[in-house]
Amino acid sequence: MMQNVHPAPGNNEDDLYSGYNDYNPMFDTEDLENDVAFQQAARTSHGRRPPVTAKIPSISSPRPLATGFGSKASLTSSMGRPMSGTLQDGVSRPMTAVQAAGYTKASVRGSSFDPLGQAKGPASPLEKKASDSLEEKMRQLEKKVNDLVEESCVANSCGDFKLALDKAKEAGRQERELLRQREQIAPPESINLDLTYTVLLNLASQYVANEMYAEALTTYQVIVKNKMFSNGGILKVNMGNIYLKQRNYSKAIKFYRMALDQITSSHKQMRIKIMENIGVAFIKTGQYVDAISSFEEIMSISPNLKAGFNLILCYFAIGNGEQMKKAFKNLIEVPLEVNFEEKYISLNEDVHTNLLIEAIKNDSLSQIERERKSLAEEYIMTAAKLIAPAIETSFAVGYDWCVDAVKASHYVELANDLEINKATTYLRQQNFNQALETLKMFEKKDSRVKSTAATNLSFLYYLGNELEQATNYADLAVSSDRYNPAALTNKGNTVFANGDYEKAAEFYKEALRNDSLCTEALYNLGLAYKKLNRTDEALDCFLKLHAILPNSAQVLYQIASIYQIMEDPSQAIEWLLQLISVVPTDPHVLSKLGNLYDTEGDKSQAFHYYFESYRYFPSNIEVIEWLGAYYIDTQFCEKAIEYFERAALILPTQVKWQLMVASCYRRSGNYQKALEKYKIIHRKFPENVECLRFLVRLCTDMGLKEVQEYITKLKKAEKLKEIREQRIKSGRDGSARSRKEGSVDASYADPLGPQPERPRTAARKRTDEDDFADEELGEDLLPE
């Protein structure tokens, strides 16, 4: 075997590229043209025959085989390859097994290479079951019923109750068809009771959702009366709920008790909820003693906030003060099961722990905990406000008892809120001194409570026009809690009242940075810009506020007012019309609309809104004057008399309105009435020159004898009027000469001279501009 191995020459040991020109002689194609066996195979089908194992060397001329080492070997097959089992240089070639490569002895001529058997084609399809069998039809029908029930539930969750009911009815029809078919081929024991129960329960639920209570009760009765449904009795709770919605409280209590009898003690929470419903139904019927027994049983088994609060209400209804105290103590002892503070406090500086705490602070579970805590505080605060006046001889003593009870419980932080609520109650009772004393107790408390109390004190002093005290407490509130938007708003209000609108705007903007939804700060910022004549910025503030409070009458009024300042009456009218849709009976807004239409020249619309304003508020002199003048212009003097007579009743010391009444009589041709009215005016105002002139004219026209008497009185009155005017004129000339001769500044020499305009406060007199909306909006920061 080693005779064909030729070592490489010694001089090529270091040749890195030796052997790269050697190749396998099987890939030698240069002598294929001289290879007789290859040419014969190419011309005939001889090459497609399987190779025949030969024991004798082939007669074909051998072709030298070049090895990788340069040796030559003769080939004995037609392809130049040694035959299996032949001798080559005295050594027999081993036999090779070729069956695994796809060749077999039984292979026929022309068979192709197909080791995976792909020539047989794809597998035959599975045999389909007969779909016309009755069992298969029932199975498909059952699946359709389940799908309809599911679609009905989905439609109900999406709010489409009508579609849900239609699907539920269709499911009922299909289920009844299924029952008929199954009874024909199977015994009654094979009926699917779970499917029937599901279909009926879903149908009843959809009836309730569509407020078809009679049909729902009928469907529930079908389930409850069927003894084959093991848990049908529980549905009497649903029937009780329907009767409760129908305000049939006696039947609701009856069905609740029947359901309670069929529910075992293992379902503790369900039994408690049913007993709560029974107690509520008793409260609705005024049977407070029976309701008390239900709620007391709940508080003894599993106390909860809702039952405890309802128990307090029942004792309050029957006026039992001692039991109210006992029930209030039980309420504040109900375990909240929320460790809200401890859970989110990091005891070490571990970064991963701190990140975890930050992540769970606002997750859904923490939100549920906050809601539960807030609900508990609301129940306790409401109960304390309710029973405080009833458990002791006075409101203050009762509230103090509630505060002491809360301080002894795990709701100790609510004690301060109760104290502030006590001050609020004093305010509602108009006991301002007690409210101030209560709030002043918090000046030495922690910063949060101090800020709240100081904010309320500032507001109270602001309402009392004591700006100095309001400013002091506003400063205290801001220094205690700089991030309190209510404190910053009240501080801005005190600065606004002192006339420093720029500084007030800064405080309002700071309040908005701390709480972008502080509507009071945004409203007052718009007022500050309005005072500074920055109408565009003011309009922007009020438009933002309108987006937050679309039905706020004050905001709509301010927007219309700004458009009127900007001399855009069409926009002002549009916003005032929106305002009228919110407050349709406000007389000042109606008169303002009439004024705008009058300015625009639309007299008919102006008359409409002025008349509506007069109808709601018949004492507005400006409206009365406009309506009277309108009827005079339209030659309906008789109708104008009604308005001027009302004006004369409102202002009996002013002769103008009585003269207008007499003038209307004269214009309408009723001279006798006019003469009588002028005589009445003359008796009340004997020195009125205009009245005497009309008397002289009427008496002359009518040829009356009193004319000389009135002429004499007219001359005396005119002379007195002339003397009075001369005295006034000489007085003015003398004061003018004294001012010219004086050597000191007029603002110091004349103490009664013009005084600077005082800034308007919250208690100032209302002007025409703010007949509807207050210009200084003090924020009501007291708790409700």
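The entries below go from the whole chain to ring pairs, then to charges over rings and a surface patch.

**Ground rules.** I worked from a predicted model, in which local features need pLDDT of at least 70 and side-chain atom pairs count only at pLDDT 80 or more, while totals for chains, interfaces and linings use all residues. Residues are numbered from 1 along each chain as its sequence is written, and side-chain values use heavy atoms, with hydrogens and water left out.

**Whole chain.** I found 33 helices and two strands in the protein chain, taken as DSSP runs numbered from the N terminus (helices: H or I, at least four residues; strands: E, at least two). Of the 784 residues, 38% are buried, where buried means under 20% relative accessible area, exposed over 50% and partly exposed in between, with a 1.4 Å probe and protein chains only.

**Ring pairs.** I noted 18 aromatic pairs in the structure; rings of Phe, Tyr and Trp (its six-membered ring) pair if their centres lie within 6.5 Å, and planes under 30 degrees apart count as stacked, over 60 as edge-to-face and the rest as tilted.

I looked up Y197 and F229, whose ring centres are 5.4 Å apart with planes at 65°, so this pair is edge-to-face. The pair links distant parts of the chain, since Y197 belongs to helix α4 (residues 193–209) and F229 to the loop between α5 (213–225) and α6 (236–245), 32 residues apart. Y197 is partly exposed at 21% relative accessibility, whereas F229 is buried at 8%.

I then turned to Y614 and Y643, where the centres lie 5.0 Å apart and the planes stand at 65°, so this pair is also edge-to-face. Y614 is in helix α26 (residues 603–616) and Y643 in helix α28 (residues 637–650), so the pair ties together parts 29 residues apart in sequence. I recorded Y614 as buried at 8% relative accessible area and Y643 as buried at 4%. Both tyrosines belong to a cluster linked by ring pairs, together with F607, Y610, F611, W626, Y630 and Y631.

**Charges over rings.** I counted a charge as sitting over a ring if NZ of Lys or CZ of Arg is within 6 Å of the ring centre and within 35 degrees of the ring normal. R615 lies over the face of Y616, 4.7 Å from the ring centre, and the charged end of K639 sits over the ring of F636, 5.4 Å from its centre.

Last, I checked L549, which is in the loop between α22 (535–548) and α23 (553–565) and is partly exposed, with a relative accessible area of 33%.
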